[in-house]
Amino acid sequence: SDYSQEPPRHPSLQINSKVPFNAEPPRSALASSYVTPVDLFYKRNHGPIPVVDDIERYCVDICGLIGTPKKLYMRDVRMLPKYNVTATLQCAGNRRTAMSKTRKVRGVGWDVSAIGNAVWGGAKLADLLELIGIPKLTCSTQSGGKHVEFVSIDKCKVEENGGPYKASIPLSQATNPEADVLLAYEMNGEPLNRDHGYPLRVIVPGVIGARSVKWLDSINIIAEECQGFFMQKDYKMFPPSVDWDNINWSTRRPQMDFPVQSVICSLEDVQSIKPGKVTISGYAVSGGGRGIERVDVSIDGGKTWLEASRSQKTGVPYIADHVSSDKWAWVLFEVTVDIPYSTEIVAKAVDSAANVQPENVQDIWNLRGILNTSWHRVQVRVGH
Ligand code: MTE
Ligand code: MO
């Protein structure tokens with residue numbers, strides 16, 4: 001079958017869908033390391049994992065509103081300056097299962113681990129575009145190019161009728177070196193593996209994972225935003241009043257930046273503990289390069305709050321100043337509390353723009369079940 005050449009995967013991954021392969025690590029494994037090991041990094045696919053055998057002949061076609069089309073080989077990508085960018089990738093569907101509990105949504109179910117933080121190594125898209133004649137910080141080319149479309153090798157049976165996965169970002173973001181958009185060939189210092197986009201993928205930091213196209217096949221400079229399924233008929237945020245009988249996809253923009261998020265990873269949804277000291281830890285992250293200003297933890301269901309400590313490098317307190325911190329990466333938080341009786345523990349983060357997570361999932365319910373960033377709540381049952 002199409003799925004006869006899938007790569008081997010770590011046995012501790014929780015499989016949410018076998019074909020296409022969608023899986024996430026146990027939450028307990030997630031916040032134990034700042035950089036997520038490749039094996040445990042969530043895998044989100046819409047078709048079989050492509051096989052790229054002949055790396056010498058593998059190339060990316062660059063076409064569209066540019067003078068002459070170009071072919072970009074791996075040796076050309078490697079010739080561009082190499083950057084290592086630590087960035088958190090989060091699927092817009094992270095925490096979808098919890099949203100579906102209040103009212104059913106459509107999409108693959110995910111617990112809290114459709115997210116990971118990795119060191120992505122590769123060339124900056126801004127450098128590549130400059131090489132083909134589009135200067136840095138360009139919003140529009142002379143021939144009217146305003147967006148950069150990424151097209152994959154893979155085949156999405158359901159959504160694209162067997163066509164490839166695609167997405168686009170604005171040319172202004174693509175040509176901005178500060179936006180750190182990468183053509184990545186390494187993950188955590190090792191060549192990208194097949195699950196994560198071998199040999200070359202896009203990484204768009206601060207943006208929902210859906211725009212970070214894996215297994216790159218072509219780059220198109222286009223006038224209008226990509227018209228593919230995943231841009232126009234999916235990954236858009238609708239209000240709670242819209243359901244499948246009254247949806248008009250064209251009324252909303254494709255989701256790009258993700259909002260502020262935090263999750264407790266050290267406790268399951270319902271966790272039995274002994275009375276006494278408990279360390280509560282997890283991750284917090286915001287989109288668009290906004291740092292995490294604060295993580296509040298409550299041990300009484302949200303009536304009173306404690307501030308958790310935050311770090312990116314072990315033992316070094318985190319400061320969201322864009323100089324000493326990894327601006328595209330999550331922070332890990334931790335607080336130790338005394339829990340004498342059964343209660344609800346809650347986490348909410350505040351980002352550098354003072355955006356805060358919404359209290360209730362009902363208020364942000366949407367039919368596709370994306371961006372569940374409601375306060376993360378876990379129940380602890382204290383027994384003796
Ligand atoms: N790129 C291709 N070609 N095909 C895909 O199915 N899935 C997207 C994105 N890029 C996808 C893709 C989605 S929805 C997410 S969240 C991320 O890849 C997941 O990346 P990962 O599997 O490396 O974690
Ligand atoms: Mo995703």
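Begin by colouring the chain according to its domain assignment, which gives domain 1 as residues 14-251 and domain 2 as residues 261-382. What is on screen is a predicted model, with a mean pLDDT of 96 for the chain and with 100% of its residues at 70 or more. For the complex, the predictor reports an ipTM of 1.00 together with a pTM of 0.98.

Between them, select the contact, to which domain 1 contributes 37 residues and domain 2 contributes 27 residues. On the domain 1 side, the elements that supply two or more residues are helix H1 (27-30), strand S6 (82-90) and helix H3 (96-102). Colouring that side of domain 1 by residue class shows 19 nonpolar, 10 polar and 8 charged residues.

Now turn to ligand 1 and display its surroundings, a shell of 18 residues in which His46, Cys91, Ser152, Tyr165 and Gly209 are the closest.

With the cartoon shown for residues 254-382, the chain is 43% strand and 0% helix, and a distance drawn between the end C-alpha atoms of the range reads 44 Å.

How values were computed. Residues are numbered from 1 along each chain as its sequence is written. Chains are lettered from A and ligands numbered from 1 in the order in which they are written. This is a predicted model: local features need pLDDT of at least 70, side-chain atom pairs count only at pLDDT 80 or more; totals for chains, interfaces and linings use all residues. Domain bounds come from an automatic or database domain assignment. Two residues are in contact if their C-beta atoms, placed from the backbone, lie within 7 Å. Helices (H or I, at least four residues) and strands (E, at least two) are DSSP runs, numbered from the N terminus. Ala, Val, Leu, Ile, Met, Phe, Trp, Tyr, Cys and Pro count as nonpolar, Asp, Glu, Lys and Arg as charged, and the others, Gly among them, as polar. A residue is near a molecule or strand if its C-beta atom, placed from the backbone, lies within 6 Å of it. pLDDT is the predictor's confidence in each residue, from 0 to 100.
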